[in-house]
Amino acid sequence: MRDFAHVTLGQRLLFGTGSASIHLAAEVERLGAQRVMLLASEAALPSAQQVCQGIDVALVHTNVVQHVPIEVAEIARSLAREHHIDLLVTVGGGSAIGLAKAIALTERITIVTVPTTYAGSEATNVWGLTENARKTTGVDDAVLPASVIYDAELTLTLPVELSVSSGLNAMAHCVDALWAPRADPLNAALAEEGIRALAAGLRLVHSDPHDLHGRELTLYGAYPAAVSFASAGSGIHHKICHVLGGTYALPHAQTHAVVLPHVLAFNAPAAPAAAARVARALDGRDPVTALGELYRDLNAPRSLADLGFSESSISEAADIILPAIPASNPREVSPRLLAGLLHDAWAGAAPGTSTSPLAQAVR
Ligand code: NAD
């Protein structure tokens, strides 16, 4: 085993179906907070108010926008200052958490989060802001939520298609963690556990979205997924999706879901230990085949074209992505190979079949 340095981020996780409001009241008391700002979209507000029934909320803020435009962050920051807020509570997906992180970044206010998707932002110290249509991300421990409250009942309303994409977004955290710059045996073990739980949970959610056990298993799996990603850093998969989301405004969860099998097919032959972990967690002999079977069972999204990505953007996207690919990637990435991967993902082709004329033509 090679030498490694591992960092575990410190936060409390409270897991309990039907217990979100009890856990939230206990956390607010434990942290001694007096002035709570609730961040939840209009759509999430009814369930957020239920979750907050045991606490005093000083300010409710519903202007939640995906990828956190800087103007939206600035308004929320000045409201937090004006109202002397000492705790941020989010109920919602990664977008609500992203807004809380943007406030915490400048105002240094503690976050308690109640996630309702599987996106995993709750377990990372990574923030993101969008300015002039460019997304910037950074790392700051002040944006890591102090407490995460998981209540699977709150995920019952997440539509099946979004549940599948969001769960595969979480699975992408696991797979990418296996070859990301700070990959190590500890985050790899977490990643494997995440893949196993997510695959089992998503199959149950897909066959019955009201099955609480499936919802619990998927929500549980989202946590080691996010922790492994936070610990290992961004690998090739996240670098690709960051550009597709930031530059071409493709939807977050669905983009991750489409790209994952292509990255796995690309890297697996050069990363036998990672491939073995994915295969074991998916209970298959070959990781690419096993993931393909999962996608078939879940009727998962396949094509970037369906998400609004244009074939004519492939070589430009490859040029933007290429310099960001970490040196830790197990396989060398050329413009031609990257364009081939993107072409397969655009077309919804079988992963690893990059024989497109475009891929051949790019240098
Ligand atoms: P989201 O928060 O935008 O939610 C997607 C949609 O689902 C929204 O319309 C929302 O209203 C709805 N929704 C959420 N929970 C629901 C529920 N339980 N029932 C019904 N509808 C529900 O999307 P997301 O995928 O959770 O998060 C994406 C954002 O999070 C992106 O901006 C992404 O960059 C960010 N993110 C950041 C990190 C990080 O580490 N900083 C990690 C993952 C994601």
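User: Why do arginine 196 and glutamate 193 count as a salt bridge?

Analyst: This is a predicted model, by the way. The closest N and O atoms of arginine 196 and glutamate 193 are 3.7 Å apart. The cut-off is 4 Å between a side-chain nitrogen of Lys or Arg and a carboxyl oxygen of Asp or Glu, so this pair makes it.

User: What separates arginine 196 and glutamate 193 along their helix?

Analyst: About one helical turn, because they sit three residues apart in helix α6, which covers residues 185-207.

User: What makes arginine 203 and aspartate 297 a salt bridge?

Analyst: Their side chains meet at 2.9 Å, N to O. That is within 4 Å, so the name applies. As for accessibility, arginine 203 comes out at 32% and aspartate 297 at 31%, so each counts as partly exposed.

User: Which residues do salt bridges with shared partners join into one network?

Analyst: Glu192, Glu193, Arg196, Arg277 and Arg280.

User: How many salt bridges does the rule give?

Analyst: The count is 11. One of the pairs is glutamate 27 with arginine 12, where the closest N and O atoms are 3.1 Å apart. Glutamate 27 belongs to helix α1 (residues 20-31) and arginine 12 to strand β1 (residues 12-15), so this pair ties together parts that are 15 residues apart in sequence.

User: Why is glutamate 27 called buried, and why is arginine 12 called partly exposed?

Analyst: Glutamate 27 has 1% relative accessibility, and anything under 20% is buried, so that label holds. Arginine 12 is at 36%.

User: Now the rings. How many aromatic pairs does a search of the whole structure find?

Analyst: Three. Phenylalanine 15 and tyrosine 150 form one of them, at 6.1 Å centre to centre and with 85 degrees between the planes. This pair links distant parts of the chain, with phenylalanine 15 in strand β1 and tyrosine 150 in strand β8 (residues 147-150), 135 residues apart.

User: Why is the pair of phenylalanine 15 and tyrosine 150 called edge-to-face?

Analyst: A pair of rings is described by the distance of the centres and the angle of the planes. The centres are 6.1 Å apart, within the 6.5 Å limit, so the rings pair. The 85 degrees between the planes is over 60, so they count as edge-to-face. Phenylalanine 15 is partly exposed at 37% relative accessibility, whereas tyrosine 150 is buried at 0%.

User: What makes tyrosine 248 and phenylalanine 309 an edge-to-face pair?

Analyst: Here the values are 5.2 Å centre to centre and 75 degrees between the planes. The distance is within 6.5 Å and the angle is over 60 degrees, so the pair is edge-to-face. Tyrosine 248 is in helix α8 (residues 236-248) and phenylalanine 309 in the loop between α11 and α12 (314-321), 61 residues apart. Both of these residues are buried.

User: Which residues do ring pairs link into a cluster?

Analyst: Phe15, Tyr150 and Tyr223.

User: Which classes of residue make up the shell around the ligand?

Analyst: Five are nonpolar, 12 polar and two charged. Helix α4 (residues 94-107) gives the largest share, three residues.

User: Why is glycine 352 called exposed?

Analyst: Glycine 352 has 56% relative accessibility, which is over 50%, so exposed is the label. This glycine lies in the loop between α13 (335-347) and α14 (357-361).

How values were computed: Residues numbered from 1 in each chain as written. Predicted model: local features only at pLDDT ≥ 70, side-chain atom pairs only at ≥ 80, totals over all residues. Heavy atoms only, no water. Helix = DSSP H or I, 4+ residues; strand = E, 2+ residues; numbered from the N terminus. Nonpolar A, V, L, I, M, F, W, Y, C, P; charged D, E, K, R; others polar. Buried < 20%, exposed > 50% of the residue type's maximum accessible area, 1.4 Å probe, protein only. Phe/Tyr/Trp six-rings, centres within 6.5 Å; stacked < 30°, edge-to-face > 60°.
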